[in-house]
Amino acid sequence: MDSLPEYDFLIVGSGIFGSVFAFEAGRAGKKCLVVEKRGRIGGSLYCENIRGIEVHRFGIHVFRTDDRELWEYMNRFGEFFPSGLDSRGKKYEGVPLHGYTRILGEMLENADVFLNTDYEQIRRKARKMAGRVVYTGRLDTFYRECYGRLLYERARFETRTLYREYYQTRVQENPAGSECQIIEHKRLTGTQSPLTVITVRSRGKGGEEEELVRPLETKENRELFEKYRLLAEHENHICFGGRMYHWGFYSIEEAVRDARLLAKRLL
């Protein structure tokens with residue numbers, strides 16, 4: 001007789017969607033294994049502290065919502081403060097005082113997390129390892145590009161520590177005549193320091209180290225994306241979620257809400 005799986009859920013990806021789902025499953029008494037192909041948690045929300053300055057390595061991601069309950073839910077994991085950036089008409093907006101990495105770490109506290117682990121390495125064992133899989137990666141990668149490769153807008157992020165008090169007058173600036181955006185992180189938090197840290201965002205050129213932003217807006221790419229979505233919707237053992245499962249911009253608010261709804265449906 002086959003033995004029961006060790007875990008209730010195998011969660012692929014440690015970004016906001018996977019982390020919220022892991023937290024909800026954990027507090028319902030379920031055992032979760034989170035696998036992350038990178039050497040750190042957080043996905044595109046990854047932050048690190050450099051010489052006392054909280055650095056958003058892949059751009060500033062502002063949590064915006066009109067939902068008070070959702071705002072309070074996120075603040076239970078760490079204090080948010082107003083970003084001073086565009087609220088986009090939302091009642092509540094902010095970024096975490098100590099960065100998103102700490103918040104996601106709190107969410108993953110009761111899960112087992114394996115870093116530097118690609119889902120493809122354990123794919124054949126997934127059914128024996130867990131009762132269900134929650135997958136937050138690329139759809140075309142999951143289906144081994146059976147219909148072809150999806151095209152994504154990519155961005156490069158280069159972070160530099162500068163031994164000067166300030167670099168620019170605002171948190172985010174776009175230098176004239178350049179396609180780059182420069183973020184000065186200490187201007188977001190008001191940190192007092194004799195040095196500063198900036199991140200330069202530029203258009204990606206297809207390198208593996210670049211961050212995927214969103215699918216390219218073409219008719220052919222959209223049709224290909226929908227073909228993969230249709231395959232995903234007919235899976236039984238596997239549930240899909242996160243920004244790679246959605247076309248276009250996908251906010252933190254949507255990711256948190258969707259992850260909680262999926263947890264409510266499965267638990």
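Two strands are taken to pair if DSSP finds at least two bridges between them. In this predicted model, strand β3 (residues 47–50) and strand β4 pair in the antiparallel sense over four bridges, and E48 stands opposite V55 in β4. The two strands β3 and β4 form a hairpin with two residues between them, and R51, which lies in the turn, has a positive phi of about 55°. Strand β4 (residues 53–56) is covered on both faces, with I53 and V55 buried on one side and E54 and H56 buried on the other.

Helix α8 (residues 219–233) comprises 15 residues, which at 1.5 Å a residue should span 21 Å, and the separation of its end C-alpha atoms, 21 Å, agrees with this expectation. Within α8, the residues N221, L224, F225, Y228, R229 and A232 are buried; because they cover an arc of only 145° around the axis, they fall on the same side of α8. These buried residues pack against α6 (139–142), β14 (211–215) and β15 (238–240), whereas the face of α8 turned away from the buried side carries the exposed residues K219 and E220.

A further helix contact involves helix α1 (residues 16–27) and helix α9 (residues 252–266), whose axes come within 8 Å and cross at roughly 35°, the crossing being right-handed. On the α1 side, the contact is made by I16, F17, V20, F21 and E24, while α9 contributes I252, A255, V256, D258, A259, R260, L262, A263 and L266.

Note on methods. Residues numbered from 1 in each chain as written. Predicted model: local features only at pLDDT ≥ 70, side-chain atom pairs only at ≥ 80, totals over all residues. Heavy atoms only, no water. Buried < 20%, exposed > 50% of the residue type's maximum accessible area, 1.4 Å probe, protein only. Expected span 1.5 Å × (residues − 1). Arc of directions from axis to C-beta. Contact = heavy atoms within 4.5 Å. Axes fitted to C-alpha atoms, helices over the stretch in contact; angles between N-to-C directions. Left-handed = near helix turned anticlockwise from the far one by under 90°.
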